[in-house]
Amino acid sequence: MSEVTSSAQRESGYQVDTLLVKAHGIAAFVTLLIAVIFGILVSLQFFLPDFAANLLPTWGRMRYAHTQGIMLGWLGNAFLAFLYHAVPILTGRPVTSHKLGLWLFGIWNFAVMLPGWVLVLAGVSQPLEWAEFPLPVDAFVVLGFVLAAAQFLPPFFRRGIANLYVSSWYIIGALIFTLLSYPMGNIVPEFVPGAAGAAFSGLWIHDAVGLFVTPLALAILYFVVPATTGRPVYSHLLSMLGFWGLFFLYPLNGTHHYIFSVIPMEAQMTAIMASFLLGVIVIIVVSNLMLSQRGSGLIPRDIGLRFVSMSVVFYLIVSIQGSLQANMSLNQLTHFTDWVIGHSHLAMLGFATFAGIGGIIHAWQRMPDARYNARAFEWAYWLLVVGIGTMVLDLTLAGLVQGGSWESGAPWLESVRESRPYWIVRSLTAIPITAGFVALFVGMTTGPRGAGADAVERVRQQQAIQQVAPELSDGGTSHVSSPARLLGMSYVVASVAGVAFFVFSVSLLGELPRRMLEQQTVSMAPQNPLPLTDSELRGRDVYAREGCAYCHTQQVRYTDADIVRFGAPTLAWEGRFDFPHLLGTRRIGPDLARATATRPQQWHFVHLYSPRAVAPTSIMPSYPELFDGSPEQPRQEARDLVAYLETLGRARELAWPEGEVAAKAAASDNMWAQMSFSAPVLNAHPARTQPRGQAPAFGTPAAPELGLQLWRDNCSGCHGLDGRGNGSASAWLQPQPTNLSVREYTSARLGDILWNGVHGSSMPGWRDQPAANLAALVEVVHGFYQEELTTRATPELLATGARIYAAHCAECHGVNGAGDGFAADQLAVLPTDFRSERPALEENIRVLRNGVQGTPMAPWTDRLSDDEIVAVAHYVREFFVRENSVPEGVGQ
Amino acid sequence: MITNLIVGLSLAFAVALLLANWLVPTLRRQIEQPKYTFQEQLQHFDKQHFDKQRQDTQAKVSDQATRSDKERTNETR
């Protein structure tokens, strides 16, 4: 084991490769600006969903490009820039090779970032969070990490581990552990299906932050603070306690991304507990860093230290937030909401980015030929603090609003409507944030060369620098005592233990859950599971490449709110064909785990082609490229995608309820599985059509203005603003939306339709709307009907009509016109109940002449004469039983 | 069970480290030593860097002074 920096090496100078510091520094900001632009475009489409839709790649693809750009492009380059500055100083030795550095730079930016972006934007990606670049690019990422290890680790090994400073530990740890965790998170889920794959994925989501981003950010913090203040860190003991605590506990946090999922509760509880302990460790780390800055003031004069200081504050907030989020009661409220998005922005754009900027500025100040614009850096700091602080606060509040809305059982689009102001504010914060990043870039590329050193000198003259305590300054370098040797040994033991602990975490939170879930699958799955067809598999690929899982989860959680809204919680075997899993960690749209048989195919086509045609307030991106100019002309990809959507929850539907009996017995004392089996309904989707009847009393209607608003927001897309059935989606739907101005309904019938929907048509149920809202909608529909002035039919005409009706119509519409003829139950769309619905005479004639497309109602012109059509058109109107406008109870 | 083990191990590790640090002064010295070594390395780097910078600046200043002296001498002549 060699000794620490020798005086000879000091005299020969620390060989910082400034060219590579500059190269990675500039690349960091270029990739950052590109990634931020993707982020801004993504954020704009939250409230302007059609913004530049024809010009830009789809929302999901840009989201992929945004997250990977921030993590690998920006932070990866920023950390590499800093390492080229820090490692020679920490080790007293140059990095392995300049040439190797050029290769690393080239691979990182031109074999990882550039093709990675091009591929995800072209639709070649991996639907895993923080692992979106496809596998071929992953290979180059791993190669990049191998080169980075080869570049930066040998100086540490040559130096030896005696008196190794905490930043060195973090750098070594990050390089080794990322090499272990990256393949685990990016490759394993491709081969382990469903929730078991998600267990590995969850580990990577946290390891990406905990074993790559955080250690390197902390290495910067522990480097820049003493380097700028001129004083050693407050306590090296606490820093090392933090180091080992973080490396032991971070890998155990991953499963907290899937709390209340089907992943075994033992793994979830371990992650929750580890998250809490991690919070304690972070408080130790932050206290140490804050004490190390004492005397520098709340806003340090040195701009590099100022960024670092704010990074420490962000680290404290984000870590406490993370620990709290893992708590089950808070998780129940905030998971899947923008709270989590705020949290991840605070981690990546707050803590890590501020550390990265601090590190780069620190290095920049010490490069004699680097340009340095102090004024631009000042601007950048304030713009970024204000921008990121506001964004995180805004998203946190949005998360609470969304979580509250979901728990209250309000209609899904209500949470979207309530989120809109927050999403606008979030996009507005992009102005100071982008300006801040541009200012940073300006700071690094303009101004006098070498001015950074002057800035450092000025600050030094202004603040008293406490010199290193002389009695300790050489302790341990001249002799190695017995306890010291013991300590050296303990570091080696701890290093081995660190790797062992990583393996332990993967075994405990990845492999063990995988086995348990596999066991559950074997014992509870149907004997002959229905695999996905080729078309459905292709549809799954479309779903994955467009990033649908970023907005729609595929897991009904084991919570009351989820059971009420979506149905029975997802069992392990339901995802047995999911390679990789698509469980998702965010809900902007509703969960799709039980999407099967909820909407007709045509509705899906229209919804994909032009979402706001069928749901005017939806923010779903449109996918016209899946069609040949119209939803009536879907391309194969659209057909595949809809076929895939129809598979979501299908296997469980087929097993329910008979198949559940055996599974329930197999589950025996598995409390969570029993919770799934005891759900009142398998698919509780409020839009799913149901048989007629069973609608509750709606009571007093809400205010008429609210009724009209509800109509505009929910119904006008199909039925049109005036109820004439001429909404923007009407031409694409079969049967076409009803023209409500030519039909008189009883309130009971309207209540029935609103509650149950109309099976076989695109008219969904609206059971998530409060009863008062539904009552208000009933009133709105009544208002559309225009009483017609028709001459009364003569008794002879009615007699003719009765005869024809009995001969041709009664078998479907029933003898009494109640829509309950003997053939009715066999029809895809139930026949009209003329007792509760009275079409205008002209409408009846039109229907008899033309039929109703998309229903079994055929044209009758080939079998009935015009007079007979008129007679029967008159006759069916006689069945109608008018009632008082407001129903006492619409249930039949 | 496993969660208890993790909590127990983490606490035991932390307590052992703190106790060792408290009870064995030589060990404490050794644990804290890297921060001083690092500080020395930083000071040497800064000295090397800033000295070079200062030398460069001084060289520039003296160059300018020599040049203006020469110019002044030429003008006087």
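Predicted model: local features only at pLDDT ≥ 70, side-chain atom pairs only at ≥ 80, totals over all residues.
User: Which residues have the most contacts inside the largest nonpolar core?
Analyst: Those are A:Ile171, A:Leu216, A:Ile220, A:Leu221 and A:Phe351, in a core that has 262 residues. The element that gives the most to this core is helix H7 of chain A, residues 194-229, which supplies 24 residues.

User: What is A:Leu216 in contact with, leaving aside its neighbours in sequence?
Analyst: Once the neighbours within four places in sequence are set aside, A:Leu216 is in contact with A:Phe79, A:Tyr170, A:Ile171 and A:Ala174. There is also a second, separate core of twelve residues, with A:Leu848, A:Ile869, A:Ala871 and A:Val876 among them.

User: Switching to helix packing, at what angle do H3 and H12 of chain A pack?
Analyst: Helix H3 (residues 59-91) and helix H12 (residues 338-365) of chain A pack at an angle of about 35°, their axes being 9 Å apart, and H3(A) passes H12(A) in a left-handed crossing.

User: Which residues meet there?
Analyst: On the H3(A) side they include A:Leu75, A:Ala78, A:Phe79 and A:Phe82, and these belong to a set that meets H12(A) residues including A:Met348, A:Ala352, A:Gly356 and A:Ile360. The residues of this contact between H3(A) and H12(A) divide into eleven nonpolar, three polar and no charged.

User: Where are the cis peptide bonds, then?
Analyst: One runs from A:Phe579 to A:Pro580, with omega near -15°, and A:Pro580 sits in the loop between helix H20 (560-566) and helix H21 (601-609) of chain A. Another runs from A:Gln734 to A:Pro735, with omega near -5°, and A:Pro735 is placed in the loop between helix H27 (704-719) and strand E1 (743-745) of chain A.

User: What about A:Phe260, which isn't a glycine: what is its phi?
Analyst: A:Phe260 has a positive phi of about 70°, and its place is in the loop between helix H8 (236-249) and helix H9 (265-292) of chain A.

User: Is A:Phe260 buried or exposed, and why?
Analyst: A:Phe260 counts as buried because it has 20 C-beta neighbours inside 10 Å, and 20 or more is what being buried requires. A:Ala597, also with a positive phi, of about 55°, counts as partly exposed with 15 such neighbours.

Notes: Residues numbered from 1 in each chain as written. Chains lettered and ligands numbered in written order. Core = buried A, V, L, I, M, F, W, Y, C linked by C-beta atoms within 7 Å. Helix = DSSP H or I, 4+ residues; strand = E, 2+ residues; numbered from the N terminus. Contact = placed C-beta atoms within 7 Å. Axes fitted to C-alpha atoms, helices over the stretch in contact; angles between N-to-C directions. Left-handed = near helix turned anticlockwise from the far one by under 90°. Nonpolar A, V, L, I, M, F, W, Y, C, P; charged D, E, K, R; others polar.
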